[in-house]
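Please find below a colleague's note on the structure.

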Amino acid sequence: MLTSRQLFLRHQAQTSDTPLLLEIERAEGVYMYAPDGRRYLDLISGIGVSNVGHRHPRVVQAIKDQADKYLHLMVYGELVQAPPAELAQALHHTLPTHLDTVYFTNSGAEAIEGALKLAKRHTGRTELISCHNAYHGSTHGALSITGSESFRQSYRPLLPDVRHLRFNELADLDLITERTAAVIVETVQGEAGVRVPAPGYLPALRQRCTETGTLLILDEIQCGFGRTGSFWAFEQFGLEPDILVCAKGMGGGMPIGAFISSREIMAGFKSNPVLGHCTTFGGHPVSCAASLATLRVIQDENLLAAVPAKAARFRQLLRHPAIRAVRGHGLLMAVEFDSYAVLKPIIDRALEHEGILTDWFLFCDNSLRLAPPLTISEAEIDEAAAALLRAIDFVTTAQPATA
């Protein structure tokens, strides 16, 4: 009989020639466990997914309870089902009043696709603007607005009438005109290496969009659901979007995404044509039940309040001559080194010898990703930081890398 590893390599589509090949049998809290019992501390939360930790008991119970009632019943938006209806209400209660209508999807990229269609439908315009070094997903529409030609070049032609501006550059806001259907930005840029908006930048962007009748779409797929210390990152920057996109951390480990707007804007999908946006599995009852449990855990366990102190503890502990900077907002952080050649051996050493799982960023390959579950304890932060420092020491002293 073939092993799981052999089956993975023989029959499962690969996305690189060097997958991690880390075999995991179970996970709980901030830890993942191999079949031999070896423990790995997860510092990236499945890339921003496990905000309440792996297999949080309340999320698992919500999944079991819903599975005992029903699974998929009908395509999106036809039947009244309690899990998506209750989740939509709970999300609305976290948001500004005008963001009162939720369209559930299966993933962040699918939510991006819906948001782009909605903006074109509502404005009657075609131009879309996003940022250089932005990442919004890998489907064709999402890839079209992703801000890296290295990712786009092999899949052209993509969506026409797409432009890119520089994040945090006020001068570039003049690119937004009465032709622009929507500007889409990550509230905090993720794959660019955790780039935080400068004071006043997002309000100025909001003002320019309002002046030109352009819809502002905020992508909080990675920075939402408490990751930055507020439930939504935009709460800290003095603006409100026309459309909000979320996914990743909202499911507690289950696949789900959403785009959220006003009832007026979302009504565009009802006619001309009818069923203007469709999905079979969007709003799946089990995923919605898990998401509602995740939302309640964040609120009931007051996880947001501890985020600043936990981030500060990482900053305090991660001091080393090889570390050039630590950027971040809440528990979305980037630890910068001289180059990928320095960073990659540190990541490998931390995983293989210290049991610490971390990563780099797609558009910032000299920076180490830190995005642990919000539930991580002070003791676990201390354990992780000490292990990372040992890995950095080993790589930069015993086996120095060449920049």
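How many residues has helix H5, and how far does H5 reach from its first C-alpha to its last?

1. The model is predicted: local features need pLDDT of at least 70 and side-chain atom pairs count only at pLDDT 80 or more, while totals for chains, interfaces and linings use all residues. Residues are numbered from 1 along each chain as its sequence is written, and side-chain values use heavy atoms, with hydrogens and water left out.

2. Helix H5 (residues 108-123) has 16 residues and reaches 23 Å, close to the expected 22 Å. The expected span is 1.5 Å times one less than the number of residues. Helices (H or I, at least four residues) and strands (E, at least two) are DSSP runs, numbered from the N terminus.

3. At the start of H5, a side-chain oxygen of serine 107 comes within 3.2 Å of the backbone nitrogen of glutamate 110. Just after H5, glycine 124 has a positive phi of about 70 degrees.

4. Strands S11, S12, S15 and S14, in that order, form an open antiparallel sheet. Two strands pair if DSSP finds at least two bridges between them. S11 (325-329) and S14 (359-361) are the edge strands, each pairing on one side only.

5. S11 pairs with S12 (residues 332-336) over five bridges, in the antiparallel sense. Here arginine 327 stands opposite alanine 334 of S12.

6. Helix H12 (residues 340-354) packs on the sheet, touching (heavy atoms within 4.5 Å) S14 and S15 (364-370).

Terms used: Axes are lines fitted to C-alpha atoms, for helices over the stretch in contact, and angles run from 0 to 180 degrees between N-to-C directions. A polar contact is a pair of N or O atoms within 3.5 Å; within protein, one must be able to donate a hydrogen and the other to accept it, and residues adjacent in sequence count only if both atoms are side-chain atoms.
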